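Biologist: Please pick one part of this model and take me through it up close, in plain words. Spell out the cut-offs as you go.

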Amino acid sequence: MTHLRLDSAGSTYLLDLSGNGLPRAAYWGSRLDEEASPAALACCHRPPVFQAGLDTPYHLNLFPELGTGFKGRPALIGEKKRKNWASLFCINTVKHEKNAVKIILTDTLAALELVLDIRLDPETDLLCRRSTLKNLSPDPYNLHYCAAAAIEIPAFCRELLSFHGCWTGEFLTQRSDFSTGMALFENRTGRTSHEVFPGLIAGTAGFSENCGTVFGTHLAWSGNSSFFAEVVPDGSRQIQMGELLTPGEMVLETGQTYTTPWVYAAFSHTGLNGLSHKFHSFLRRSILPETIRSKKRPVVFNSWEAVYFAHDLDQLKEMASKASSLGFERFVLDDGWFHGRDDDSRALGDWQTDPEKYPRGLGPLIDHVKENGMDFGLWVEPEMVNPDSMLYRQHPDWVMGLAGFHHITGRNQLVLNLCRNEVADYLFDRLNDLLSSHDIDYLKWDMNRILTLAGHMGFPAFHQQTRALYGLIDRVKTAHPRVEIETCASGGARIDFEILKRTDRFWTSDSNDPFRRQVIQKGASLFFPPEAAGSHIGPAVCHTSGRVTDLKFRALTSFFNHFGAEFNLLELHSDQEEELAGFIELHKKYRDLLHRGKSVRLDLCDALRNGYGTVADDQTLALFCIVQMDIPAQTSDRTVRFSHLAPDGLYRVRLLRPVDPSIHSKLSFPEKWMKGFTLPGRVLMESGLSVFMPWPGTGVLFELKQVNPI
Ligand code: GLA
């Protein structure tokens, strides 16, 4: 076999297996017809032979190796007793089944086996790749790095989009040149991280939401990661992604294997929106558990910023009644409910209800919530323990650490060593007890500190801890399949496709500041669809930034996502209650569209605003939101061009929420806009509308409804 072709609805992936060694992707792009000649495709791009170069020029492949003379960063780094530091794999077997291929290769000198798993998702075009390495020799193989995938990026991709961030500032994006050298990203926090989300996008110069060719990659892993975009010294380009292994962490004894996390990758010739649609559809169809696919996302009330640790049963019941009357559908009791938990310095690990706050247990509150027609959710942070806890006093040896080093606390807590079976069993039993003895629909599963010296029996165990966490969640899910789980880690420090295989939504950020949230959600939306992204209306004075914002702006900011609120509802004035209830009602009315439609980010001429929307698959209905992030520099150039509408469709445009309180903008919005007016999709997309909003922290919501659907 010299070529192998995988096809999906919109793409073709052609592997060139003509050499004896590692295959290369001869083509990865739009779907080709059956007649396209593999041999012709394979010879489109050949590496040059030149005087000062190697006589057998190197061509980037699926797993670049040192043994071939590759000048860039190889896909495998490791050794056996200081030997076998370069690999040279040859194809052994190729197993091809519909849209998946497994290529098994061996390196006889190093006695290693490599399996490349490659799948092309038939519906969404997503390319899924991972690698498995097996040591066949009697000597242990010291593995330092094994790429899950190396992906060749065409030379015309000259720009990168990467992520950085912090607590209350997740998914911040950075644009940079994809030029000589390497842009290397490493995450050593033992969770997906606030700082280095494992996603990377490369594209043609100036790529935007709707323009340019882009390639996007994501490492689905909730632990340490290492990934980079490299311009190899010969000018070819690659992105590689893999797990970051600590020295000594992965030693393969005879017959042992190491399987990397999955890399999910996609391309788009229609800018970032095209890329996001593929990631969103794949996540919706293949990653998120059934619960999120088949159910409406209930509107959430969460107690955290409302009461923090000061739980008072009567007040909580009153708040639950109020929440229900305003239209909330799920009541989540956050941190503070368990034994002695009056602040964040104690009690983690002791998962019994606090008898002072809840003399008759959680039952009365849960019953009250249920009587009010809502789901009940509960906060837990299973992987952690406070030194000031019964659990720690009984089992100080259950935490991760390293002999000779002091324990480093973070938020006054230490990390339990899930690699020990008795620890994982203890946590499973506690969670199982809680879920078996209470009518709980939802767990908010938190993780509030990074791993530092993650030692298990003296060995580094970041990898093992991550796998053990997956094992624990899987066990809980298997025992309680009806219970939904939210992944939270001081906000959004554990959001990735692997954790979402076993959780149902994520807490995007601890920042409920709508200005900050707009930016965070925009970054997250590159990979994640809105229904998976928890977004709550916080208090008027934001607790993490001190900024004062209008309820309408806060509501509008959360509106498209998995909608909710977390502030003291009992402090609302009646007009604010009405406003909040109105937004909840409106959200429910459009929820199907918002959570099943195509999410779209708009290319706006004005960087001081944000524009996004959702368009139904059949393009008959769309909602768009435009928000003003700062005071505009000019008055007239306010054009907003919508996108992803049917060009020939006739749309009735209506302003649903003129949420800008400034008198100027009220005067600027024609009366007609409130009642509705009709325009062809083409006009809305090509010349657009002028939307004038002088006040930062204001926004508008448009409904676009096709009046002549075919
Ligand atoms: C983390 C979460 C918050 C809240 C607190 C409780 O910070 O991100 O939403 O649950 O923990 O301690």
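Modeller: Two strands pair if DSSP finds at least two bridges between them. The strands themselves (E, at least two residues) and the helices (H or I, at least four) are DSSP runs, numbered from the N terminus. Before we dig in: this is a predicted model, where local features need pLDDT of at least 70 and side-chain atom pairs count only at 80 or more, while totals for chains, interfaces and linings use all residues. Residues are numbered from 1 along each chain as its sequence is written, and side-chain values use heavy atoms, with hydrogens and water left out.

Let's start with a hairpin. Strand S10 (residues 159-166) and strand S11 (residues 169-177) run antiparallel, joined by 7 bridges. Find leucine 161 and look across: its bridge partner in S11 is arginine 175. The turn leaves 2 residues between the strands, and threonine 168 in that turn has a positive phi of about 60 degrees. Why mention that? Because most residues other than glycine have a negative phi. Hop over to S5 (residues 90-97) and S6 (residues 100-107) and you'll meet another antiparallel pairing over 7 bridges. There, valine 94 has isoleucine 103 in S6 as its bridge partner. This hairpin also has 2 residues between its strands, and lysine 98 takes a positive phi near 45 degrees.

Now for the part I'd really like you to zoom in on: the aromatic cluster. Rings of Phe, Tyr and Trp (its six-membered ring) pair if their centres lie within 6.5 Å; planes under 30 degrees apart count as stacked, over 60 as edge-to-face and the rest as tilted. The whole structure holds 41 aromatic pairs. One of them is phenylalanine 197 with phenylalanine 528, an edge-to-face pair at 5.7 Å centre to centre and 70 degrees between the planes. This pair links distant parts of the chain, 331 residues apart: phenylalanine 197 is in the loop between strand S12 (181-187) and strand S13 (199-203), while phenylalanine 528 is in the loop between helix H10 (514-524) and strand S30 (533-537). Both phenylalanine 197 and phenylalanine 528 are buried (under 20% relative accessible area; over 50% is exposed and in between is partly exposed, using a 1.4 Å probe and protein chains only). Ring pairs tie these two into a cluster whose members include Phe163, Phe171, Trp262, Tyr264 and Phe279.

You'll find it in helix H2 (residues 271-287). What packs around phenylalanine 279? Leaving out residues up to four places away in sequence, it touches Leu126, Gly216, Thr217, His218, Tyr264, Ala265, Ala266, Phe497, Leu526 and Phe527 (contact means heavy atoms within 4.5 Å). Take histidine 218: it is 61 residues from phenylalanine 279 in sequence, yet the two are 9.4 Å apart in space, C-alpha to C-alpha.

Go back to S12 and find asparagine 187, which is part of that strand. This residue counts as buried because its relative accessibility is 1%. Its side chain makes a polar contact of 2.7 Å with the side chain of threonine 189 (a pair of N or O atoms within 3.5 Å; within protein, one must be able to donate a hydrogen and the other to accept it, and residues adjacent in sequence count only if both atoms are side-chain atoms). A polar atom of the asparagine 187 side chain also lies 3.2 Å from the backbone oxygen of threonine 192.

Last stop, the ligand. There are 13 residues around it, and Asp334, Asp335, Arg411, Lys444 and Asp510 come nearest (being near takes a heavy atom within 4 Å). Aspartate 335 has a polar side-chain atom 2.6 Å from a ligand oxygen. For arginine 411, the distance from a polar side-chain atom to an oxygen of the ligand is 2.9 Å, and aspartate 446 likewise places a polar side-chain atom 2.9 Å from a ligand oxygen. While you're there, look at asparagine 412, with a positive phi near 65 degrees. It lies in the loop between helix H7 (390-394) and strand S24 (414-415), and it counts as partly exposed because its relative accessible area is 34%.
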